[in-house]
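This briefing is meant for someone opening the structure for the first time. Please look over the sequence and the model before reading on.

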Protein chains: 4
Amino acid sequence: MTQGSLFRSRLAKEFDNKTARFHTSVNEDLRIFEDDINCTTAHDIMLYEQGIIPLKELKMILAALEEIRRKWRSGEITIGAEYEDVHEYIETMVIKQIGIEAGGMIHTGRSRNDQVVTDIKLRLREDILNISEATLNLVDVLQKRATEHADNIMIVYTHGQHGQIGTLGAYLSAYADILLRDQQRLTELYARVNTNPLGSGPVGGTSININRKRTTELLGFDGIQENSIDATSSRDWAMETAAVCAIIMGDLSRIAADILEWSTVEFGYIELADEYTSSSSIMPQKKNPSTIELLRGKTGESYGALIELLTMEKGVTTGYVQDLQETKLTLWRTIENTQICLEIMTGAIATMKIKPEKLYRQVPGNFAMAVELAETLSNEADLSFRESYKIAADLVNLSISRGTTLDKLKPEDVETSATSLYKKKIKVNQSLIDKATDPKLSLQRRRSLGSPRPEEVKRMLKEHGVTAKKQRASLIKTRNDVESALKTLHETATRLSK
Amino acid sequence: MTQGSLFRSRLAKEFDNKTARFHTSVNEDLRIFEDDINCTTAHDIMLYEQGIIPLKELKMILAALEEIRRKWRSGEITIGAEYEDVHEYIETMVIKQIGIEAGGMIHTGRSRNDQVVTDIKLRLREDILNISEATLNLVDVLQKRATEHADNIMIVYTHGQHGQIGTLGAYLSAYADILLRDQQRLTELYARVNTNPLGSGPVGGTSININRKRTTELLGFDGIQENSIDATSSRDWAMETAAVCAIIMGDLSRIAADILEWSTVEFGYIELADEYTSSSSIMPQKKNPSTIELLRGKTGESYGALIELLTMEKGVTTGYVQDLQETKLTLWRTIENTQICLEIMTGAIATMKIKPEKLYRQVPGNFAMAVELAETLSNEADLSFRESYKIAADLVNLSISRGTTLDKLKPEDVETSATSLYKKKIKVNQSLIDKATDPKLSLQRRRSLGSPRPEEVKRMLKEHGVTAKKQRASLIKTRNDVESALKTLHETATRLSK
Amino acid sequence: MTQGSLFRSRLAKEFDNKTARFHTSVNEDLRIFEDDINCTTAHDIMLYEQGIIPLKELKMILAALEEIRRKWRSGEITIGAEYEDVHEYIETMVIKQIGIEAGGMIHTGRSRNDQVVTDIKLRLREDILNISEATLNLVDVLQKRATEHADNIMIVYTHGQHGQIGTLGAYLSAYADILLRDQQRLTELYARVNTNPLGSGPVGGTSININRKRTTELLGFDGIQENSIDATSSRDWAMETAAVCAIIMGDLSRIAADILEWSTVEFGYIELADEYTSSSSIMPQKKNPSTIELLRGKTGESYGALIELLTMEKGVTTGYVQDLQETKLTLWRTIENTQICLEIMTGAIATMKIKPEKLYRQVPGNFAMAVELAETLSNEADLSFRESYKIAADLVNLSISRGTTLDKLKPEDVETSATSLYKKKIKVNQSLIDKATDPKLSLQRRRSLGSPRPEEVKRMLKEHGVTAKKQRASLIKTRNDVESALKTLHETATRLSK
Amino acid sequence: MTQGSLFRSRLAKEFDNKTARFHTSVNEDLRIFEDDINCTTAHDIMLYEQGIIPLKELKMILAALEEIRRKWRSGEITIGAEYEDVHEYIETMVIKQIGIEAGGMIHTGRSRNDQVVTDIKLRLREDILNISEATLNLVDVLQKRATEHADNIMIVYTHGQHGQIGTLGAYLSAYADILLRDQQRLTELYARVNTNPLGSGPVGGTSININRKRTTELLGFDGIQENSIDATSSRDWAMETAAVCAIIMGDLSRIAADILEWSTVEFGYIELADEYTSSSSIMPQKKNPSTIELLRGKTGESYGALIELLTMEKGVTTGYVQDLQETKLTLWRTIENTQICLEIMTGAIATMKIKPEKLYRQVPGNFAMAVELAETLSNEADLSFRESYKIAADLVNLSISRGTTLDKLKPEDVETSATSLYKKKIKVNQSLIDKATDPKLSLQRRRSLGSPRPEEVKRMLKEHGVTAKKQRASLIKTRNDVESALKTLHETATRLSK
């Protein structure tokens, strides 16, 4: 057997040290080490079933693979930069153990080009399921805390300014709805990821009599990515993964922004648990919401990873190119980032102290009730909405000039305004003003579907909780399917090894 | 009534000229002009049905809206920067026509915050359907040309180097498969876009007795985006739209890269039709594939637009903020870009001249058949694949040193190599070598599912053509649903106007 | 003469309508219309001086160019998509006016490839000077308002939490320093942009006996971009322009974030002038800081534009490619965006109402003085800083548990803490505590260079104001150089036309 | 002394394990471990000189720091996630060694906020110098190989199509010029990075009597970043670093694109050395230019990193926020990526085999000489350039229809074309055609400044070589200044320790 790297027979010189370090992907490959073993196991069982690998050699191969798996799990394996990738490493180890006559059969009818994309997809589908679960966990916590605070009145904001009277439950419930859409994106992405590229060869298939349906079954794929050029060359599913992660992180960054604003002394609506804050090396009074700031900063990571993958793909010709090797590195990074950020956010929201009295503090007499006043006038005082709006604006200005709030208005203030603005004589009584400017009553009247009215929030929480439960049940089923296929694969291997 | 802008009653000063130009969105709003009229029509019909707008006023409103639509269509309308947006413009025009008593009713129970997102979604769903159709048109052209060239043999590449023998049909068919996945993404995106946010008020709903289910029906939405905070504040569907466009453009950029390489004098595989090329201002011989280069350059536009939207969303607090106004501008730009690029690519591929003789030119004797030789040896000469591979590599080097090609090898060359590398005595005959190095025979033996073997390509084209047809049928149904809802809306409006 | 487009002699078919619209750059070229005329004027004067264009034909050409310029300025010109670009349009118009014998000379020894990059650089250098001026204007306003508020005490924040006692002057002055660095970046960029590519031909120069030094002088370039391949093919200066714009916008986005937070009811530190806010279509009380939100949103535009340009450049081969045509469109957009955002920010800061009493409101007794207490103990009580810090933290907790503030501490509290934490007997007197917890005194003691102490802020403002003045003087000189060169060009053209 | 983390005195609970891992920056801090020791050494020497740390305690501190440095260098140190960062780790170790009375002094008058940015800048300035050197090394190799190939004629391309006749020397020389601009950007960036933020405290300075000028001198900074808010809060220099890296990588990606195209079998202009290529796991004939493909793929990394940093900065309020912690991680990644890519490109170009005969293969009779013909006609045949151009285009079409090349044209062909297109009777002789279509003669006539004519290329290489030498001399001087300052720092520490 020739010395040196397994695949460089055609090339006279080995990589020098620097190029080897530049070129190798062994570090990012560690994440697919066992996936590669599973992939080879399935492939070689299929080759045996097709009559290409004899049983004797198959037994040797399976034993060698399981030995490598054992060493890997026990931490005995480190892979140097002299290996281009994990695929070369594992094949080399097998050949070292059982010789080239048997070991040289493991790669029959396969190329690294279809092998690597199979490995990545095997890993990625697990990652997507994990992120899905983390997303549903965050949904659960949001719905739980929304339920606890369905009745807690607060200002809801637009443009960072006081908008209307609302409830904290409605706020938290909105977040849950957004994340349910993210989870839906993950589910649809999963379906595009979990298709089998194995058997596509380097780019144009193989003349070995393989059976792609069988490896599809053994590896728990839901279908086959048929066209061999497409299967080895495309990375649209990787870009989509990064895009979904970026959308999730964009959503989390807005939750983070709210939490950070609410944590300021000036707002004071919430207090993060100690384990999600840090102090200062010099300012002893500090309790900094630094974990959530860090999470907000990590939004950049996901946007960057997306651009990395899109740039990598841009304008490269069809067929596997080495540019795509970087896909792994970037995917793993953004996936881990998204996963941990979801978990951190779940923990922070589950444990944060909410201060209902602070939330309510600014509610009484708040000018946010001007819209209630306008709508009430439009409902009850024979004015069009735009007239009512103009009158309410006039009354806000009047109250500000008086240094009072809207609940101090008198019927004659309203009537005067109507006359002066529209030459209209209208009649309002004090109870209209009182009703329109009472926060609780006004919130009660907010009957539109989806409003922050406590009853409506509770209805939504109940119904959307059912949606969340369904999405979780479906996730569990998918996970079971995968685990069951892999279990069968290992049982088959064990049976054949005997 | 105070002069000046409709909504600035509370503010003493108007925008100065520069700020008005900075702030206004009227230019990007032109694209939603009619959507805004439809949205208001549906909302006001619902308000009438709920007993909030009397029939008489409704008639005046509907007439005014239709008059504005008529003027718009006939090009009579230009909107200056003194209007913040199209919503303010249209309400102002209605009030100007029919007075504030009737006209002032059109905005009852609604805010610009839910209105604008409704308008955008009404427009965006059409855009998505158009891009879907353009994608399916490109799929059709690819499948058509792939069918024409299913038998045309060419080199297929990896790393830009000769990889295996394949067919042009397989290449073109791979592109079609990729784009079918893109079309699937568009379909799933559509479902998330086509939900109704109208009735969410500024952020916290309304106390006007509206009926959100009715506007959902009137506007042809498939469901309701319930939570009022979510509905007015979220733009995840916009980010997803830009992400799908970026993925499509990334895919097109690779097709473009192939076309551009194939158009070089050195490759010479294809020639773009004159209408997709340009010449030089100074080099009279030039026929530049500039349209496809331009398309490749426009990939940048879609990546940029995605980053624009993601950045916009990053770290802004919940509730409508003006940052989000920019969503429109960016969305329209990337949608138009994607649409035209799909159409240009469709035209270029439909009309490009393919040169089978050039494609075949390098095939005979090509070293790309080394993999065939290795697989044949592994199949027939009692060698493991890795041994065969090493021998084939040895024979490639031998042929290069002799200045010949693989089809010139003799049985003894193979036997000598096996002995020298592995001390093995094997027996091969000339027919094995001939078979392994004949391009057509070798392609015939490539029996793996999804390979570029002509019969396999034809099978895939047939089956994936059925998929394409199904996706188109579903697209047509969706489009009909939307059109039918809007038709009913207009008929209802016409009936009520009488 | 053949009909149809000027440069398509080699091609049988014209663009169809859709491709023409896709391909044309006439819209983005409008911005370089006069630059193109200047470029041609300089080029043709040089050709005359080199004996290539006879005087008679030069006079005809110059007259035709000035006639086109006149029509352009009076708004008589619209360019249809049948022209690929403004260069083809102008040459066609000249030939139409004076015939191909004279008019056909204007493009001698030149290609669109060097021409377009010359035009863009002529325009871009003006744009950079304009953005520089806008940046310096913002610096001036910041320094002016910082000077007004050098003594106004406020909390300065880290992690959005109360950090130390500072001054508003220090805050505003920090912004000015950042923008001075941005202006420096613009100056260095300018030097790389203002070099002459004209005379590089399509990619490999020309055999016409041109004089590149002369056009460099006539057009006011500072030097020559020599290598013809580099000059026609590189766009690094465009990417750098977008990068500097993105950095500026990133900086502005942080100023915007401060302004928006300070504008909340909860902070209430400032109030934007009415002309930089807007109201609501439904909530009559609203005064939204929407102009600054919009500016923050437009940060996305600049990040997106940068990615657009970087993507465009990625992996395209050397030599002009049509991909680069998009450079213009993106550059103009990001330049205009940056320019207007700088101007809007300047106006908003110049006119915003600052409320010193609100800024001071939280200062007395603020725990932000804990660091002062720690430093004072470390200075005066024979404790290491870390010991003092731990004691100060202990005293903060003590005060919180008592519901009091730090200025209410007694000497024995400090002494007890030292004993309990470090078994140390220390002696402090009340005046130490009083001194450490008096905001004004404590700020006075903050003597480190660059601190927010009013005297230090004033020193910095004075010195950095000198820097700003120098940068402006240099900007004015650069602008004068350019204007003077162009003036000479036009005078030369006028003289020769007679 | 309380147990647990150094800075969490105010907080009751420690991080849980997951949050600790999320929050810690110890991994990315390893790169600034020694910079942190240097920073503390300089700071504490200054505190001693200012009378704040007594000599005895200073000796203990310096000894402890050097002991930690020694352990670090010998690989004895690993830092767990229980430390937030390296700063906490080192202070904790010092206190563990020498007690809190002495050890507790090391952080006097300093905060992590100014400390970390000082450390990063100390490291970053070295990184920038290294990248500068790598850039100049690549320039040298390009100029060397350009000199070797100054006379080698090849086609130069536009739009990927044959443009003009040129030389390989001109191509390689163009790359060198581009990289010299990149090196200039690095130099200007360095000046903005090498300013001292130390002494700015957490955000508002300190009341300890520090001397910022002295630490500036001791650490070899060129100046002070004065304003304490700016110094602790700004990261514009980090964004600029990433931007310059992205521009460099964009430039390298185009060189890569050329190399990859030239490495195809179809072009065959060059062959990468074995150590920059790899083979296939299945196709034994393959010699893939995978190292350069990988480099092109890594362009994505730099674009992504830039977006990461820009996103991180977007819209966060002023004053240190934890978001900015991520700056380090991203900076280190993009710096290492850029550095190694420059080195790989240098090695690949230095060792690649250039094949002059392949470069020349397509030159004789190439239609790229049409522009020469047009220019010659315009020079010598009394035709305007546009007329000559149209005639040359006509002759190209004529030659194609005849299946011949331009050098086969006869005088009457030219004359007939002039008559048929312009009804002009012109007279040309064979020598005009021969001259215009002889590649070498035609290249000789390309006399414009910056053209690929061999003599002109040699002139440029000589002059730009001088520029490169000057830039290298300046780089060496800067590096010496830094090293000399650090040497003095260590000598001062050693002297004081005795």
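This is a predicted model: local features need pLDDT of at least 70, side-chain atom pairs count only at pLDDT 80 or more; totals for chains, interfaces and linings use all residues.

Residues are numbered from 1 along each chain as its sequence is written, chains are lettered from A and ligands numbered from 1 in the order in which they are written, and side-chain values use heavy atoms, with hydrogens and water left out.

**Nonpolar cores**

- The largest nonpolar core holds 520 residues, and those with the most contacts inside it are A:Leu252, B:Leu252, C:Leu252 and D:Leu252; such a core is a set of buried Ala, Val, Leu, Ile, Met, Phe, Trp, Tyr and Cys residues joined through side-chain atoms within 4.5 Å.
- Here buried means under 20% relative accessible area, exposed means over 50%, and partly exposed lies in between, using a 1.4 Å probe and protein chains only.
- Leaving aside residues up to four places away in sequence, A:Leu252 touches A:Leu138, A:Leu179, A:Leu295, A:Cys341, A:Leu342 and A:Met345, where contact means heavy atoms within 4.5 Å.
- A second, separate core of 30 residues includes B:Ala381, B:Tyr389, B:Ala392 and B:Leu406.
- In soluble globular proteins, nonpolar side chains tend to be buried together.

**Contact between chain B and chain A**

- Chain B contributes 116 residues to this contact and chain A contributes 115 residues.
- About 9,600 Å² is buried between chain B and chain A, with 53% of it on carbon and sulfur atoms; buried area is the accessible area (1.4 Å probe) that two parts lose on being put together, summed over both.
- The interface of chain B and chain A contains 18 salt bridges, each defined as a side-chain nitrogen of Lys or Arg within 4 Å of a carboxyl oxygen of Asp or Glu.
- One of the salt bridges joins the side chains of A:Glu313 and B:Arg254, at 3.7 Å from N to O.
- Between chain B and chain A there are 60 residue pairs in polar contact, both residues at pLDDT 80 or more; a polar contact is a pair of N or O atoms within 3.5 Å, and within protein one must be able to donate a hydrogen and the other to accept it, while residues adjacent in sequence count only if both atoms are side-chain atoms.
- Helix H10 (residues 236–262) of chain B provides the largest share of the side of chain B that touches chain A, namely 14 residues; helices (H or I, at least four residues) are DSSP runs, numbered from the N terminus.

**Contact between chain A and chain D**

- This contact takes 61 residues from chain A and 61 residues from chain D.
- The area buried between chain A and chain D is about 5,400 Å², of which 61% comes from carbon and sulfur atoms.
- A:Phe22, A:Ser281 and A:Leu294 supply 14% of the area that chain A buries against chain D, more than any other three residues.
- The interface of chain A and chain D has 6 salt bridges, and A:Arg333 and D:Glu308 meet in a salt bridge at 4.0 Å from N to O.
- There are also 9 residue pairs in polar contact between chain A and chain D, both residues at pLDDT 80 or more.
- H11(A) gives the most to the side of chain A that touches chain D, with 17 residues.

**Salt bridges in the whole structure**

- Over all chains, the search finds 192 salt bridges.
- A:Glu34 forms a salt bridge with A:Arg73, their closest N and O atoms being 2.8 Å apart, and the pair links helix H3 (residues 33–49) with helix H4 (residues 55–73) of chain A across 39 residues.
- A:Arg73 is exposed, with a relative accessible area of 59%.
- D:Glu308 and D:Arg333 meet in a salt bridge of 2.8 Å, N to O, and D:Glu308 is buried, with a relative accessible area of 1%.
- A network of salt bridges links A:Arg181, A:Asp182, A:Arg185, A:Glu188, B:Arg192, B:Asp230, B:Asp236 and B:Glu240.

**Positive phi angles**

- A:Asp382 has a positive phi of about 55° although it is not a glycine, and A:Asp382 is exposed at 72% relative accessible area.
- C:Lys423, also not a glycine, has a positive phi near 50° and lies in the loop between helix H17 (411–422) and helix H18 (430–437) of chain C.

Notes. Helices (H or I, at least four residues) and strands (E, at least two) are DSSP runs, numbered from the N terminus.
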